[in-house]
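Please look at the aromatic side chains in this model and at the strands around them. The report below walks through both.

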Amino acid sequence: MSDPRYQIDVSVTTRYLAAQSQPEQSRYAFSYTVTIVNNGELPAQLLSRHWIITDGDGRVQEVRGAGVIGQQPHIEPGASHTYSSGTVMTTQVGTMQGSYQMLAEDGKRFDATIAPFRLAVPGALH
């Protein structure tokens, strides 16, 4: 069972960006909006991110970096932080998953899991 002091929940919504995509050149752009909710008992700061992006051909790209979109938000218990970003793939369908590395107010570092989610051109999946 996870420690209730360190409970971060992550939800993601995605959108295909047709205007920024070039299917004839195998370029498919997607945006994703992430909501990070601190359901724990302690304030926590997002220090870094780790994404695993897998395209429809099974190619994997890993992305690591400080914060999200240039920020390292501090999230109070019961509060949330939402941001939007994007990615480009060479296939119509892919997945993303990963984790955020968090620092609780008491000094404990812990990971907040980002469950796999799908990126797909509308109509690409039946």
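The sections below cover the ring pairs, the open sheet and the nonpolar core.

## Basis

This is a predicted model. Read every value below as computed from that model.

## Tyrosine 6 and its partners

The structure holds 6 aromatic pairs. One of them joins tyrosine 6 and phenylalanine 110.

Tyrosine 6 lies in the segment before strand E1 (8-16), while phenylalanine 110 belongs to strand E8 (residues 109-120), so the pair ties together parts that are 104 residues apart in sequence. Tyrosine 6 has a relative accessible area of 10% and is buried. Phenylalanine 110 is buried too, at 12% relative accessibility.

## A second tilted pair and a cluster

Tyrosine 32 and phenylalanine 117 form another aromatic pair. The centres are 6.1 Å apart and the planes stand at 50 degrees, so this pair is tilted. It links distant parts of the chain. Tyrosine 32 is in strand E2 (residues 28-38) and phenylalanine 117 is in strand E8, 85 residues apart. Both residues are buried.

The pairing extends further. Tyr32, Trp51, Tyr100 and Phe117 are linked by ring pairs into a cluster.

## The open sheet

Which strands build the open sheet, and in what order? There are 3 strands, in the order E1-E2-E6, and the pairing is antiparallel. E1 and strand E6 (80-89) are the edge strands, each pairing on one side only. Neighbouring strands of this sheet are turned by 20 degrees against each other on average, direction ignored.

E1 and E2 pair in the antiparallel sense over 9 bridges. Isoleucine 8 stands opposite asparagine 38 in E2.

## The nonpolar core

The largest nonpolar core has 28 residues. Ile8, Ile36, Trp51, Tyr100 and Met102 have the most contacts inside it. Trp51 and Tyr100 also belong to the ring cluster, and Ile8 is the residue that faces asparagine 38.

Which elements give two or more residues to this core? They are E1, E2, strand E3 (44-55), E6, strand E7 (93-104) and E8. E1, E2 and E6 also form the open sheet.

Technical notes. Residues numbered from 1 in each chain as written. Predicted model: local features only at pLDDT ≥ 70, side-chain atom pairs only at ≥ 80, totals over all residues. Heavy atoms only, no water. Phe/Tyr/Trp six-rings, centres within 6.5 Å; stacked < 30°, edge-to-face > 60°. Helix = DSSP H or I, 4+ residues; strand = E, 2+ residues; numbered from the N terminus. Buried < 20%, exposed > 50% of the residue type's maximum accessible area, 1.4 Å probe, protein only. Pairing = 2+ DSSP bridges. Axes fitted to C-alpha atoms, helices over the stretch in contact; angles between N-to-C directions. Core = buried A, V, L, I, M, F, W, Y, C linked by side-chain atoms within 4.5 Å.
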